[in-house]
Amino acid sequence: MPTASFLEASQLPIVDVAPFLKPLAGSDGRIHLDEVLPSCKTSPLTPDLSNVTFAYPPTRAQQECAETLHQACLRYGFFYLSGLDALFSSADFDKILSTARSFFELPSETKEQLSISNGKSDGARGYQRLKQNVTLGKQDWHQGLDLYRPPDNIDPTQPLCGENQWPAQSSMPDFRSTVEEHVTRCLLLGFVVTYVMTIALKMTKEEADALRAKVEQSFWVMRMIGYDRLDAQTDSLSCGEHVDYGNVTLLLADETKGALQVFIPSTRHALQERHDQKLTDFQGQRGIWITADPLPGALVCNVGKMIEIWSNKIYPATLHRVIHRADNFRVSVPFFFEPALDASIEPLDAAMRLQGPEAATQREQGVVYGAFLRSKVANNFASEAKNNNNNKT
Ligand SMILES: O=C(O)CCC(=O)C(=O)O
Ligand SMILES: [Fe+2]
């Protein structure tokens, strides 16, 4: 197993994806979005990913990267993606984070105009004030703005089929272009990471192509989240324990430490020797909470429920939460790279091969992604009563 980049100083592994990004870069070492994804000029939120090509068979460096990712997904389900320089500069990261921060600094009335309950929203796209989200029956101590892939046919009366809600040009002139650029970069990266997984799972080229086809029209979601300090008196969390819905989440967060926490069951990792003191029980499982603090230049990446099903639980989705008790206003921008709405998600033959004969007796239940997502979003928001968890289970 290549351990060189499998640093655990920061508690979570680091997967350097430069071997996959560099071949997409121009002579200046940077990926030019309009060259790799020409359609992003006309449709920045739904660029055509089908033209992105990868070498087959993968190079040795790519194989090693895939093996590191495999170990990270087996053992943690949460890791850092590094080697992103070709795709993101630190200025790109600063820009989207400061845009999110400026959005939350707008007056409440301005933000409320974009509310998910303003009558124009499809009930999912738009702004949620503090405590409007609920996880596990508790109000989440954050505010958020959700943007999704634009629908093929606009009909706000149908779940997820409305239009995204953008702040007025007059209040935030660069907001939309900044978001569109970030979404396009993240779409490319989500696509790359999914491809790395096809190598990690030892899929044939035909199998990998079939899986690619299910994510090329990714029904992505981007959230901006703003966290006030968690009130000392409340039993709420900043964001309650959950696993994410889709394939992979690409999280960019500000410099705040200690807020994002990840539960690693001891069954997934030989934690006993290293963390004897910190083992705890959570929802009937023994394990450890570790923090996923930001690492400069890297994104935090975690596996969601769809990869759990595709991999027949070789890569389980990892439980996580946010508890933000520091004084600052924390900002994060998760990007959820998901399958297409009509993609049917069943355990992959490749995963079953890796697991051997006993896999057939423990086959995960398949879903159609859109039906799964709608069932999650249907009863969502606190103001409408029940249990919202936008991209979370
Ligand atoms: O803000 C964070 O660090 C994570 C948020 C999260 O887990 C989510 O929105 O699914
Ligand atoms: Fe999450």
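Are Phe-263 and Trp-289 buried or exposed? I looked this up first in what is a predicted model, and found that Phe-263 is buried and that Trp-289 is buried as well.

I then turned to the aromatic pairs, of which a search of the whole structure returns 16. I noted both Trp-220 and Phe-335 as buried.

Going back to Phe-263 and Trp-289, I have them as a tilted aromatic pair, with 5.1 Å between the centres and 55° between the planes. Phe-263 sits in strand S10 (residues 260-265) and Trp-289 in strand S12 (residues 285-291), and the pair links these distant parts of the chain, 26 residues apart. I also found the charged end of Arg-321 over the ring of Trp-289, at 3.6 Å from its centre. Elsewhere I listed one aromatic cluster formed by Phe-103, Phe-104, Tyr-127, Trp-166, Phe-175 and Phe-329.

My last entry concerns the nonpolar cores. The largest has 94 residues, and Leu-81, Leu-189 and Met-224 have the most contacts inside it; its largest share, 15 residues, comes from helix H6 (residues 175-200). Leaving aside neighbours within four places in sequence, I found Met-224 in contact with residues including Ile-96, Phe-104, Leu-145, Phe-175 and Val-333. Another core, of 20 residues, lies apart from the largest one and has Leu-12, Ile-225, Val-262 and Val-300 among its members.

How values were computed
Residues are numbered from 1 along each chain as its sequence is written. Chains are lettered from A and ligands numbered from 1 in the order in which they are written. This is a predicted model: local features need pLDDT of at least 70, side-chain atom pairs count only at pLDDT 80 or more; totals for chains, interfaces and linings use all residues. Side-chain values use heavy atoms; hydrogens and water are left out. Rings of Phe, Tyr and Trp (its six-membered ring) pair if their centres lie within 6.5 Å; planes under 30 degrees apart count as stacked, over 60 as edge-to-face and the rest as tilted. Buried means under 20% relative accessible area, exposed over 50%, partly exposed in between (1.4 Å probe, protein chains only). Helices (H or I, at least four residues) and strands (E, at least two) are DSSP runs, numbered from the N terminus. A charge sits over a ring if NZ of Lys or CZ of Arg is within 6 Å of the ring centre and within 35 degrees of the ring normal. A nonpolar core is a set of buried Ala, Val, Leu, Ile, Met, Phe, Trp, Tyr and Cys residues joined through side-chain atoms within 4.5 Å. Contact means heavy atoms within 4.5 Å.
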